[in-house]
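Work through the two exercises below with the model open beside you, and try each task before you read its solution.

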Amino acid sequence: MSERQLHFNVLVMDAGYHESAWRVVPEPPDSVLHLEHYLEVARVAERGLLDSLFFADVPGIAEFRVEHMPQPHFDPIDLLSAVAARTERIGLIATGSTTFGAPWDLARRFATLDFLSDGRAGWNVVTTALPVAARNFGLERLPDPSERYARAQEFVEVVQRVWDGWEDGAFVGSREQGVWADRGRLHAPRFRGERFEVAGILPFPRSPQGHPLLAQAGASAGGIALAGRYAEVVFAAKPTLEEGAAYRAELRAAAAAAGRDPDHLHVLPGVAFVLGSTEAEARERRAALESIVSSEFRWRNLLNMSGFDPDLLDPDEPLPDELLASRPPTSVAARVFEQARARRVPFRELAESFAVLPGQLEFTGTPEQLAETIARWFEAGAADGFTLLPTTLPHQLGEFADHVVPLLQARGIYRREYEGRTLRDHYGLPRPANANVAPVGVGDA
Ligand SMILES: Cc1cc2nc3c(=O)[nH]c(=O)nc-3n(C[C@H](O)[C@H](O)[C@H](O)COP(=O)(O)O)c2cc1C
């Protein structure tokens, strides 16, 4: 299939993207603690021929959250390893933080997942913007964004060198000669940078995809620069087609400026959706979710996701002027500041209007209408596909797989079967050349 095709990634978040999801789905409230929940989501995603599952992660949780909703942030690589064993095709993208981890360790963990899944692993590179995580790793506070992104650049560079430590032909497996692997084809990274020193090779050959796929979601200048240099998939949050198109153009330009082929960077804006067989049914389903939300959760969550400590602000006042005059710590906070300047109401009231993260595209309607929206964004160059944020899991994902997918297939813009085996195959991405073997400039790594 040579025509440009849509790609879909699904964010697997608990019982669904909406905070009320666990209270309306038929499964018991502890179902998210069991592997079967994730396997069912994966099976539905494969039924819809999706490119990938995506597990977000922050290594830490603000205590207020546990009262309101399940947040079982299991270790995403461990969880996806279990899912890998029980699925065939779906890509498996786990989030890994460059602020807290060590590059050699993370390189090994993702390469292991790539082997266990026969080439279906992807790494969502994040710098982690939530302060709560810092204190779990012996830091008083998060490093500032420019330091986090500088560290991220170096971190990814080391990881790629570690992944390239074995030439593709280094495994020999000759019983006659008694040679399992060719030592002459190893290239220890011997990396000495500003922040990391990493000496040795991995204890196993280059993984099936060469490099697990790299994804990225940060939208600040540092995030865009990192994406331009390395990301093959970008998770975006853009509420309008115009903003989506401008953002995609910016990311493609960043990739070109880094010497890469812009077609090797797929931009997948998030879409939070409620589908119904009629518009009225979809609206009722959405109203059912919204009618039971906690206003306490809303304002606390918005501050938390913006990178602030919710206990330090009074929700019955507008955000303080000093805060609004300061530099927003994240791109989410920048959106919140924008709204807070426009509407000087108590923060509690402002937060009510954020049913999803600020800036996210939201949809409530029929499968026909969602297929239409998706096709419009795709054809206008505002998206290469979408990151699905189903409000309930696996239910709304099932509606998408069974009712939206056939409409996109009928338009000729979505696959009718998986054509390849690896995650790179699904996204139409090349297997990166080994930097130790290929002349500089060859390949897209
Ligand atoms: C769809 C989506 C998924 C994200 N997943 C994560 C995640 O799992 N962990 C994380 O720390 N940040 C996640 N983020 C946040 C960004 O990666 C980034 O850390 C945040 O936006 C702050 O950086 P920025 O100011 O460069 O945007 C996600 C963002 C989006 C839009």
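A cavity is a set of points, on a 1 Å grid over the protein atoms alone, where a 1.4 Å probe fits but cannot get out, and its lining residues have an atom within 4 Å of a point. The model is predicted, so local features need pLDDT of at least 70 and side-chain atom pairs count only at pLDDT 80 or more, while totals for chains, interfaces and linings use all residues. Residues are numbered from 1 along each chain as its sequence is written, and side-chain values use heavy atoms, with hydrogens and water left out.

**Exercise 1.** Find which residues line the largest cavity.

Solution. Step one is to look at the lining, which includes Val12, Met13, Asp14, Tyr38, Phe55 and His73. Step two is to sort the lining by class, which gives 9 nonpolar, 1 polar and 2 charged residues, where Asp, Glu, Lys and Arg count as charged, Ala, Val, Leu, Ile, Met, Phe, Trp, Tyr, Cys and Pro as nonpolar, and the others, Gly among them, as polar.

**Exercise 2.** Describe how domain 1 and domain 2 meet.

Solution. Begin with the bounds, which come from an automatic or database domain assignment: domain 1 covers 7–283 + 359–427, and domain 2 covers 294–354. Next, 19 residues of domain 1 are in contact with 14 residues of domain 2, contact meaning heavy atoms within 4.5 Å. Finally, the rule finds 2 salt bridges across this interface, each being a side-chain nitrogen of Lys or Arg within 4 Å of a carboxyl oxygen of Asp or Glu. The side chains of Glu19 and Arg298 also form a salt bridge, at 3.2 Å from N to O.

Definitions and conventions: On a 1 Å grid over the protein atoms alone, a cavity is a set of points where a 1.4 Å probe fits but cannot get out, and a pocket is an open set with protein on both sides within 12 Å along at least five of seven lines; lining residues have an atom within 4 Å of a point.
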